[in-house]
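Here is a short report on a protein chain. It looks at a few residues and their surroundings.

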Amino acid sequence: MEHYKQIHIQPLASASVQKRFLLVCNGRHYEAGTPMVDLIRCLQQEATREKAVAAFIEKQKGVFSYAQVEDVITRLIQPMFADDAKPRKRTFLYERELFSASVIDRFSDACSFLFRKTVMFPLMIAVLAADICFFCITDNLLTFNGSANAYMVIGMLIFMVASSLFHELGHASACKHFGIRHGGIGFGLYLNFPVLYTDVTEVWRLRRTDRCIVNLAGVYFQMYILLAVLALFYATGSDTLRYMILTLNLGFIMTLNPFFKFDGYWIASDVLGIPNLRNRSKELLNYLYSRIRGRAESERPYLLQTNRLGRYGLLVYTVVVNLFMGYYFFYILPKFMVNFVASFPDEIHQLVLYLSNGMAPSFALLRNIFMQLVLLGLVGFMLYNVIRKLKVNVGRR
């Protein structure tokens, strides 16, 4: 019975009207209700499994039968100790760790002080003020001249990668500030977006407000870069610096949107107090679909188990996110494919003409061909994984 003591139990901050708990075992995290926690505590306290089951049934005043409790232990609790128990659901189509937690520990330890209120809030206010001023007073804000060359493009790519890495170090440093461990930093492919990520699974141990800060930490760290670039821009007026500022702001918009599983999604999840926000929105749609078809549901959706803020927030999120996903998958991606079919053959023809006449093709032409091929490859990889998962699900049925 000693192995049941490996399960760490603590309250989970959420919008549920019923008390929820976080279970940590074998490096994995689970959400559970009061009956499950009571059963685990009985297993931790009693000398034998039979005595634990009997104690739990007595505590629940006979609501559950002996067979039901044994089934829960066998089906839900015992697998938590297996090495291959409930594999972590992958957010990315492809992922690979680049830097281990031990490699970035020294940096995250040294920078954890940056999340003190006396440091964090004045910096954010100063950057927001300087950024708003940039958009208000800059002439030709969105004008892009034709002077861009390969060196500038490569420089911008290096800047974006370095900024993204600093972003991830922000998440790691915030974890250290709140006294929890962080994992490594890796590279992943989310839908058709290449991204960097940090393993911050331990964040579920924190209060909702602290989780929000950890999720915002990446953008906060990038604000230090933005402040430096803004200062240089005000001093020089350089177009390259203007491009860098616009790139950072575009990155903030992408990162903080709540529709894809970037930082904005996790912030929305913590503000509403609803773990697994995307799955809960699907659960609601499935529940409504079943009700319309007259099928009985064995369990109420999470929406009906939350407080008022969580209930209305989840309802709005469900409608908006599914409309956005429909727009993305049924308009944006098809439009890209149509444009690709319409323009790519002509660009390849131009490239052949340049090469056959012994002329160097223009940088703009090479850039367009390369970017379209990269995007096509990412979309193709995404579709391949979607089709493969559909085949697996159909095979299971």
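Ser 269 sits in helix α9, which spans residues 263-272. This is a predicted model. Ser 269 has a relative accessible area of 1%. That is under 20%, so Ser 269 counts as buried. Its side chain reaches the backbone oxygen of Ile 274 at 2.6 Å. Leaving aside residues up to four places away in sequence, Ser 269 touches Trp 204, Ile 274, Pro 275, Asn 276 and Leu 277.

Leu 98 belongs to strand β4, residues 94-99. Leu 98 is partly exposed, at 45% relative accessibility. Gly 184 is 86 residues from Leu 98 in sequence, yet their C-alpha atoms are 7.4 Å apart in space. Leu 98 also has contacts beyond four places in sequence: Ile 185, Gly 186, Phe 187 and Leu 196.

Val 319 lies in helix α11, residues 308-356. Val 319 is part of a nonpolar surface patch with Tyr 312, Leu 315, Val 316, Val 320 and Leu 323. Together these residues have about 560 Å² of accessible area.

| Residue | Relative accessible area | Class |
|---|---|---|
| Ser 269 | 1% | buried |
| Leu 98 | 45% | partly exposed |
| Val 319 | 48% | partly exposed |

How far can the model be trusted? The mean pLDDT of the protein chain is 84, and 88% of its residues reach 70 or more. Among the elements, helix α7 (residues 208-236) has the highest mean pLDDT, 95. Helix α12 (residues 363-396) has the lowest, 68. Where pLDDT is low, the predicted coordinates should not be read in detail.

Methods: Residues are numbered from 1 along each chain as its sequence is written. This is a predicted model: local features need pLDDT of at least 70, side-chain atom pairs count only at pLDDT 80 or more; totals for chains, interfaces and linings use all residues. Side-chain values use heavy atoms; hydrogens and water are left out. pLDDT is the predictor's confidence in each residue, from 0 to 100. Helices (H or I, at least four residues) and strands (E, at least two) are DSSP runs, numbered from the N terminus. Buried means under 20% relative accessible area, exposed over 50%, partly exposed in between (1.4 Å probe, protein chains only). A polar contact is a pair of N or O atoms within 3.5 Å; within protein, one must be able to donate a hydrogen and the other to accept it, and residues adjacent in sequence count only if both atoms are side-chain atoms. Contact means heavy atoms within 4.5 Å. Patches are made of residues with over 30% relative accessible area and no salt bridge: like charges are joined within 9 Å, nonpolar side chains (Val, Leu, Ile, Met, Phe, Trp, Tyr) within 5 Å. Accessible areas come from the Shrake-Rupley method with a 1.4 Å probe; for residues, only the protein chains shown count as cover. A salt bridge is a side-chain nitrogen of Lys or Arg within 4 Å of a carboxyl oxygen of Asp or Glu.
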